[in-house]
Amino acid sequence: MGFEPPRRLTTALREKYGDAAAADWLGRLPGLAERVPEEAGLTVERMVAPGGRGSLVLLVRDAEGEPAALKIAPPFARPALERDALAHWNGWGAVRLRAEAPEGSLVLERLHPEVSLRSLPEAKALLEAAGTVRKLWVEPPAGHGFGTVADRTAEQASAVERHLSDPVAGGLAAAALAAREELLAGTAEELLLHGDFRQGKVLGGDRAPWLAVGPDPVVGERAYDLARLVRERVEDLVASSAGAPAARRRVNKLADSLDVDRERLRGWTLFRTVESGTRALAGGRRQEAEWLLEFAGWL
């Protein structure tokens, strides 16, 4: 099976994991895309493009001709944790795990990859997103291997600290770090979270209208999981003359609809947005950084 990996995948892997790690796995990917389906007894129909940012997804059929999706992810993306989370949810609010394939690949129920919540008007998309994510917030399984929000954000906080003297991002970096410290001092919830929840991670399905995909599971409080959703379509908000009040209304509306404390959601949104913004700065993605940091300043 000859193909070029989707550009979105190659770009995202390099940005997140570095050129060396990404290049090594991407060099192996053509062989994996041919060998893994064959060993799993699957027939490939086509590759999903532009696809995701952390894995290659192939639409396949199993030996009985039933449609499925095969997800091939690099080991440094921790596909085993995604497998464990999907197995625990067992289709409740999320794509159903059908089997594990060679190389840690996952065979999933087939959804409609071209139809995500981003295809809906903003108000409807946020409503459906809230209804989906609340299903995922369950007690983690006994003896689980998922990390905590505190652990995950510790390394991120160290990266944000490097921007404290930055003339553009320094003030926001300090505020974000202070918010994180305060939030971790007061948290009590220990629920299984999606970890990377946003509109593009919710796809249309047949078994249910909308199902979450692509978790980066972590254990912690619900406000952390909502924070990425708050800044959805940030470029549209920044372009709007009413972007700042709209952003604050979104925080309040999402918090109230899901019984989450407004200030905790605002704090985690600030930290996660500044972390993404400073990472974009470090990676030379100035337009993205400007959008994110402007949004963070509104909070």
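Tutor: Arg 222 is buried, at 18% relative accessibility, because the cut-off for that class is under 20%. In this predicted model, Arg 222 forms a salt bridge with Glu 189, and their closest N and O atoms are 2.8 Å apart. The two residues lie 33 residues apart and link distant parts of the chain: Arg 222 belongs to helix α7 (residues 222–230), while Glu 189 sits in the loop between α6 (170–186) and β7. Glu 189 is partly exposed, with a relative accessibility of 27%. Salt bridges with shared partners also join Arg 28, Arg 35, Glu 39 and Glu 103 into one network.

Another salt bridge pairs Arg 180 with Glu 181, with 3.2 Å between the closest N and O atoms. Arg 180 counts as buried, at 8% relative accessibility. The whole structure holds 27 salt bridges.

One of them joins the side chains of Arg 83 and Asp 84, at 3.0 Å from N to O. Arg 83 is partly exposed, at 24% relative accessible area, and Asp 84 is partly exposed too, at 31%.

As for helix α3 (residues 79–89), its buried residues are Pro 79, Leu 81, Glu 82, Ala 85, Leu 86 and Trp 89. Viewed down the axis of α3, these buried residues fall within an arc of 155°, so they line one face of the helix. Their cover includes the strands β3 (67–72), β4 (97–100), β5 (106–109) and β7 (191–193), along with helix α4 (122–136). After α3 comes Asn 90, which has a positive phi, near 50°.

Technical notes
Residues are numbered from 1 along each chain as its sequence is written. This is a predicted model: local features need pLDDT of at least 70, side-chain atom pairs count only at pLDDT 80 or more; totals for chains, interfaces and linings use all residues. Side-chain values use heavy atoms; hydrogens and water are left out. Buried means under 20% relative accessible area, exposed over 50%, partly exposed in between (1.4 Å probe, protein chains only). Helices (H or I, at least four residues) and strands (E, at least two) are DSSP runs, numbered from the N terminus. The arc is that of the directions from the helix axis to the C-beta atoms. Contact means heavy atoms within 4.5 Å. A salt bridge is a side-chain nitrogen of Lys or Arg within 4 Å of a carboxyl oxygen of Asp or Glu.
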